[in-house]
Every structure is written in C-alpha cells, then in structure tokens.
Amino acid sequence: MSMISISIRIFMRNLPAYALLSVSVLALGIPLAATASLPSPVKTVHPRVLATQADFDRLKALLPPTPLPLLPQDGGIFEFEISAGDYTPNAENADRPIFGTHNTPFASLHIRHLFKNETNDDAPIQINLQGEGGNIASVITSLKKRKPTLFKLEWDSNQRIAWLTIGDAPAQKIWNDPDKKGKDWRPQNNLLDFTGRAADVLGTVNATNLSGTKFFSGDITMHLAQNDFLVLGQKKANELSNCPSSPDKKHSCNVSTASRSDITTTGQVIALSYKVSSAPKYLEAAKSLTRRMASVSASEGGEYVMGARVGVMAILYDWLHQELNIPYPGESITYRDKLAKMISETIKSPQLRSSICGYEDLHTKLACLKEPTYTNWQRTSNANSIAHSYLGAHNYSAVSEIAMGLLAIAGETSEDVTPLLSVAYEHYRQGFFKGREYYMVDGGHHMGFSYGMSGESALRISMWRKALEPVPETIFPAEWMAKAIYPYIYGLRSDGSFPARGDDFLAKAGDNQIGDMAIWSANENGDKVAQGFYWNNILPAQAGRAAFMMRNLYYPQPPREVSHLENLPKSRHFRIAGEVLMRDKWDANATLLEFKSSNFMSENHQHLDQNSFSLYYKAPLLLDSGLYDDYGTSHWNNYYTRTIAHNSILVYDKEESFYMRTPPTPQNPSLFINDGGQWYKNPNLTYPTLEEAKPGGPNYVDGITNFEDGENYTYVRGNASKAYSASKMDQNNGFLRSVLYLRKPSLWHKPVTVIFDSVTTEKWLPATSLLHMATDPLTALKPIASGGGRYQLAFGAQQVITVRNQGGLANIQLVLPENANVVKVGGYNNGDTCIQMDTDARVVRALDQANLPQGHSAGDCRFISRDLQGNYVNFPHWVSANPAQDTGTWRVEIKAAQEPKERSPQYFMNVISVADNIGTPAIPAVNRLSSAGTGNAEVVQIESSTILAFNRNAEPATAIAWTISGQTPEHIQQASVLAMGMKPGTRFARVVTRNGDKLQVELKETEDGEYPSSSEGVVNIGF
C-alpha cells in the first residue's frame, strides 16, 4: 500500500461520513477546493430544494376543501373578515363582487363593491339577500379601507329573520317576515366562494349551521390564491402542450431568450400546480418543459438564462422526483436521469462554470481546477476569484442556481457534486452574505429600492437550511436579512411607490419580494412591525393572489397583525448603504425626504449620486431624474446614472476624462461624456471587492458622517468629497452637505427642509447645485430663453422657485449663493429644440437631426448633458420605455454670480417648504443673519423664533456667533436654536451681548454651560 493511501485512510477515520466522498475524490486526483466544505451533509430525501415535504403539507393544510361547502338553506351564521382595498382600473370591474353572484334566478347571498361614492378611505359595499324576481333585503354600508372589518350574517329561514353585523356596529335586522307576507329566502347552491378586488385582504371565514355545528373554518384567501395560481398553471400548461417553433420572449416554451424570472416562474408554477392538484396535465407540462430545455444547447442564452434553466431543472427533478422516474423518449433513461444529466452539462459549460470558479481553463468535472479566492483577492494575481461580484453581479444568481442543481442531484449520480457544492457554500459564507452583512448592516441597500429587494436573498438562506441536515447552530443567521424590510417601511410613498433611487424598474409595495422580506422578518425575529406592514400595507397593494401560493410554500404565513408604524421613530439611518429616510407621519399626507450618501461606489445598478436627495409630498417634487430603459444604454451611460441626473453638485473641469477600463484615444473615444460629476477613482474597479469598498480601499467614500433624529427634527451630514476626481475636488472636505428636516408643528404647518453645502474645489472651479423636478419650475418673472432647452430664471424681491405636481407643491427659497445665477434646463415639446443623441451605447454621436427615428422628438430636452466636445445635447431614452412619474422634465442649475477667485469654500443653502397644490400658499419667513466672532457660522432665522446655525468649517466648533436686530434679549433667550457642527459631548452657554443697535448671540463652550451638545455635534435649545 502506498504512503498516500495510508495517510488518506488515517485521515478518513476522523471525518464524518458525508465528507468521505470528498476525500476519495481527492485520492483519485480530481481537483478539489482545499478548504471549502459544507457544514453538514445534504439530506437524502426529496423534496429538499427550496421546499421540503413539511412545507408542501403545510401549504395543503391551508387550502380549503374541494368542492367548497354551501351556505345552509335553513339558516346559520356566516362570518368573515375583510380589509377593503382600492379599485384597480382596467383590471377589474368597479362594482366587483366580494361574495356570490349577482342576480341569480334563485335565492342566494350576494355582496359587492359599489364604486360610486367611493373615497380614498371608504369603500361602499352592498349586501343583497337575493330571491326569485328581486331582493328580499338589500343594505348599503361602507367599510374603512385597509382596516380589518368583521362581516357577520345570522339568519333563520324557518323564522324568516336575518341580522347583519358590520364591524363594531350593533346588529341590524335586515329581514323580518314572521307572518310570511313576503317571499321566502333559502339560499340555493350558494358556494362559500369569494372573489373580491385584487387589493381586498380576506381573512378567516367561519360558517355554522342552524344547529350550531361549525362546518367550515378557514382562510379563504388561500382558496382564491389557489384559483388564481391554477389559472396561471393552466395557461402555462396550454402553452407547453403546443410549443411554437419561435416562441415570443414571454412564452412558457421560451427557454433560450426569456428572462431569468420568466423561465424560473414557469418551472415553479408547473411543478407546484401538479403538487397541489395531482392533475395529469401539469405532469405532462413538466415533461414538455424538460424536453424543451433538452432541445437547446447547454450554453444557449448566456449565463443568466443558463442559470435559470438549471434552477428549473432542479425544481422538476426534486419536487417531481418519483413522478418523473419514467422513460424519456428516444433514450434509455428516465426523465429524472435526463434532468440530472442536463444539470451537470449546463453547469460545466464555461459561461456558467466561470460564474462560480472564476475564469479558468475548460474542465470536465463538477469541481474547480483550483479553489477560488474568497477574501483579500489581489487583481494582479493569477488566482481565480469572483470576489468582484460579491457586492453586486449576476454571479449571485448563477451560484444560487448552480447550488440548486447540485443539491437536487447530490448522491444520486455517478458524479460527486460535493467539491463544487462546497465552493458554492463558501461563496455565500465568505462572499455574498459577508458583503451583505457589511452594507446591509441596518437593512439598507446601495442599489436602491428596485434592485435592493432582498426577497431572493431570503430564499437563498432558506435553500441552504432546508437542503442540509440540521446542525446545532443556525446555518447563515443573517441578521441583516431581518432588517431588509425597513427601507421599504420608511420609504413607502402615498401612491404605493418608493423613491426612484438607483436603477428603478418602478418598485411597488405589492411586489412579491417585498412581501417575502416582511414575512422573513416576522418569522425570523418575531417582528410585529414587519408583520403589521405585511398585512396592512403589502397585501392590499398586491395585484393578484397567485403569488401567495409560492410564498406560503416557502414560509409560514404569520397571523394577522395591526399596524405598529406609529410606534417607530420618524427617521432611520441605513449605514454603509448610506440612506436616510425622513418623514413626519405614516399616512398618505406624509412628507418624505430621502438622502443618499453611501460608503462606497460601484457600477452595478448604483448611481453616481452621492450626497443627493429627493422630496415627496403627494407626488414627486424634487426627484432622481431619467429612466431605466435598460442597463448600459446611451441614456443610462451618459445621463440616468450620472450625477447630472440627481439633486447633487457638479464641478465641470473641461480637462477631465471619464472612461471605463481603457483610456480613450482619438481612434477609440470614450463612451462616457464629461457631465462635471462624480466618477470612479480607478475606472477598472467599478465592480469592487468587499475590501476595495471598505475604508482605505479605492472605492471607499466617507458617506454619512452624522445622523441625529430628534422629536421635531432630523439632522444628517454627508461627505461626498472622494466621489469626485482629486484633480477638481478637495478629497477630505470638498463636498460637505448638511440636511436638516424640521417637522416641528409650531414652526410651520408642514415640514421644512434646509440643505446647506460647503464645496471646496481645485483650480478655482465653480460648483453648480442641481434640483430636478417633473413640472416646469415657476418664478415671479418670466424666464429668458437661451436656446437648446436652457432658460435664465428671473426673480422678484426674493429668489423663490415653486414646483407644483399633482396634489403637492414645494417652495424653494434660495438663500446661498446670494443673488445666485439660476438656469432652468429641460422641457418636452415646450417650444424649444435640442440636439438628440443616438441611443446606441457603442458610440457617442448625434442622430441625423433632420431625420430623427420614429418616436424621437427634437423638442425632447429633458435629459441634457454634454457631448464629448462639451456641447449641450440631449440623451433620450429608448422609445419603447414609458416615462414614469420620477422621470423628470426640468432641472434647475444654481451657481454663484461670480466665479471663485481663490481656493475657498463655495456655499449653497436652500430652504424648502411643502404645501397642498391649491392657490398660492404662504412660505415661511427666512432671514439670513450675519455671522459674528470668528465668522465660522452660517445662520438663518425661520419665522420669528427659530434659529438654525451651521458650522461652516469641517472641524467641530467650540463657539459660533451671530448678530440679530429688532429683538430683545428676553425674546432671544426664548428662541429655539439648533446649532450643528459643534464639538460633540460638550457643554455650551448661550451668551447675549449688545453691539450698538444689534444683539450678538454666541454659543460657546463652557464647563458649566446649560446646553449639552450631542454625540453628533448638535446643540438643541428648545427644539
């Protein structure tokens, strides 16, 4: 016996049984990762991929019996709970039934919505005891929307009497005919079958007969969900039964060019439809889908589509494990064997295998040639790694789907899947989840609300937990995952949307992943806030109920819970992701201010938008502009993702070059124009590793440096200096933005926001502050057209800009720079024309302006930036993309009237108040006060008794002072003061002295000062 075989035998004695395969593979010389290992063996029973038999049993227990029982003819008690939702135009009947059928020729109960007289808060409904030839009784009442209300009908057909109870109201006798003068009412063939609006949330239904026996009790929502789900399953089964030669992109037979989501949905719907119904047509559809996937090459469609097919193959193999153990046509194997073979072949394809192993030579085993480097990867080394994808890339999906495939076939083929499966696990442990543990420490996400949805992350954590044998410690505790719902709780706008941060595909509260995130938090942490948010905000917003089936398969549904939003602080800081969401209330009249300043920069779905903000009151008022037409389009490259599209700061240096990967040459010019905004320190590192995104790394940005949430205010300070080139911006204190959100009712009837910027540039370059809006910004005087979508704004006595949109309005008072030069830019078919750029992302060139393609307009000036020569041009989005409410039409550019003459800070200050878009509302009085003492303060007085003082300097102040006239010392002592940028953890005194006809107020550090500063450097006096 050789020495190597002896050493292996000795080593094997100390290994658990599930690891022996790995060692034997190593002895055979098959490449194996040296350290990658699973925490426990893969379970030997099926199903185990994403769902177990216990999950299927739990789901089936939720489904009501088939067929549904009937309302008893003689009488009984029928009760159910409903949260009435909004009508969905163009998708359902306005007077949609809730229960029963209208105008039946026999006696029955019918309940329906009545759209007439409906309001935002109230939903009228009609209850009919229908009889032959007309109603025996009819009642119209109203339900409070989004509030669980109990409906209860008690009747005795023999006594000819019925009572109706709605919510907490007293029981109402709606039928009383003991003398038999009218018609009889005995419901016939009245199934316990509900319809309801898509936004209605129906709870438990109880039915008792006249003798007091409860013959039905169940969650009727799951019955509706099953109906909707099987309608979808039937549609997909029909399509798969007769596949066209060239199916369109959304067709169930398209497994080559369809989206990853569509392919995955088809597989899951077909498999689950069979599991809950046992209908042969769904098994036939599963076989057809298998044959369809077998008809394309393993590498067809690229890694994103390949991964989706592997995930579907895994679901069919695992969920229909016994059912697909039948002969596959034309080959001497079963459907199950065919799926296992296809899983292996697809994973081995270079495009998909490189997604897990990194770039390496071809290999024929389910293993990497050498183990990838997970942490501290050096890009100049020869080590294989996908570490650059851990913070955001397709690898996250690819590795998940590879793992699904390997978990499905583990231990059941001649190939050992353990080596590659262990690598997949390590990618999660040391990479994907480690990255999320960093940037989602509070639940936030640097990509915003659309690509920041983390429902799939919850499913991937669950995947490992369900497929592997239990271990003493939880596999992937992932505390960050339980917090992921909170940006959506705080960021929800009155119309069910969220701020358009990052690449935005119009995320809505009803999106399935948001529901999954809330369920995860409720189940994992017992989070009542998330649980209430799920029941009261998410479910009423969902467009249909089919998704409930998959969700209830994967996760236990938590019980109904009331809303707990009123118990939360009004603002929340999501560290590292760098987002602060501020609001004044939790209802539809909330003013939502969102501020973004992340701790790192990356390309994938994250924008160059550090230190930017958006404002919403009844509609987007100041917004992130542009449209997500697609990833990497010309509009995406040169407008949508760029700083110029956001409410941030530009510093235009005509010598600056923007490019990725390769420096431009005259023969190969850049595909990225100079907008004057932010860019990557190293254009080769736009997909950073975790180490590159942390302090000291090339993609690190200081981000939010201060956050304080008080009862009546929220203060935030962000530092975006490192987001700009060092050639034009001081890297330590070049762009400091202070945001103050005031929600004090005694100050103003609605929230007031103050934005104060300090910008220090190199080369004496002027800075420009941007504000974007959906509608034409209005000033007291008529603007002067400059051509090309640019207009010089003119003002009256005050520099005030008014923005109106739908029900909301914002008044922006320009405090600094004094007498600013203000230009509005944009418009769509507004009487001006702009040069239209090609939408082809492979070039930066103008279209033939005399022969614009169909759908383009010379009057489109919404997305003006510069071309490679510095000329103002418009970068239109794809004509196939429909504009959204945050797309924007106009922007305002604010800069000093004179260019800087020295290297000193340039200051900007805006005071923004919101109001209802009715008439010409008043604005709060704003008075800029003179700085005194060392001159380090920027101070404004709002109304008569509120003072806001900002430290102009980067270093914390030990004293600031200002002068004020027209007030007495007593009045000054009673004024509310917020001073920001002060030395933290220090005591300050307010000292008032007379200086001629003015008073000087000083806040200065003293040992026995009456006013302490907070840990964030805020001195709060009476605020």
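## The second largest pocket

The second largest pocket holds about 430 Å³ of space. A pocket here is an open set of points on a 1 Å grid over the protein atoms alone, with protein on both sides within 12 Å along at least five of seven lines. Its volume is the space filled by probe spheres (1.4 Å probe) set on the points, which are joined across faces, edges and corners. This is a predicted model: local features need pLDDT of at least 70, side-chain atom pairs count only at pLDDT 80 or more, and totals for chains, interfaces and linings use all residues. Residues are numbered from 1 along each chain as its sequence is written, and side-chain values use heavy atoms, with hydrogens and water left out.

So who lines the pocket? There are 18 lining residues, with P817, A896, P905, Q906 and Y907 nearest the centre; lining means having an atom within 4 Å of a point. Strand β30 (residues 906-916) gives the largest share, three residues. By class, the lining has eight nonpolar, three polar and seven charged residues (Ala, Val, Leu, Ile, Met, Phe, Trp, Tyr, Cys and Pro count as nonpolar, Asp, Glu, Lys and Arg as charged, the others, Gly among them, as polar).

## The sheet with β30

Strand β30 also sits in an open sheet of seven strands, ordered β17-β18-β19-β20-β30-β25-β24, with antiparallel pairing. The edges belong to β17 (703-709) and β24 (800-805), each with a single partner strand, so one side of each has no neighbour in the sheet. Neighbouring strands are turned by 15° against each other on average, direction ignored.

At one end, β24 and β25 (residues 808-816) pair in the antiparallel sense over six bridges, and V800 stands opposite Q813 in β25. Strands are DSSP runs of E, at least two residues, and helices are runs of H or I, at least four, numbered from the N terminus; two strands pair if DSSP finds at least two bridges between them.

## Cis prolines

P817 lies in the loop between β25 and β26 (821-826). Another cis bond joins H46 and P47, again with omega about -5°; P47 is in the loop between α2 (20-27) and α3 (53-62).

Conventions: Axes are lines fitted to C-alpha atoms, for helices over the stretch in contact, and angles run from 0 to 180 degrees between N-to-C directions.
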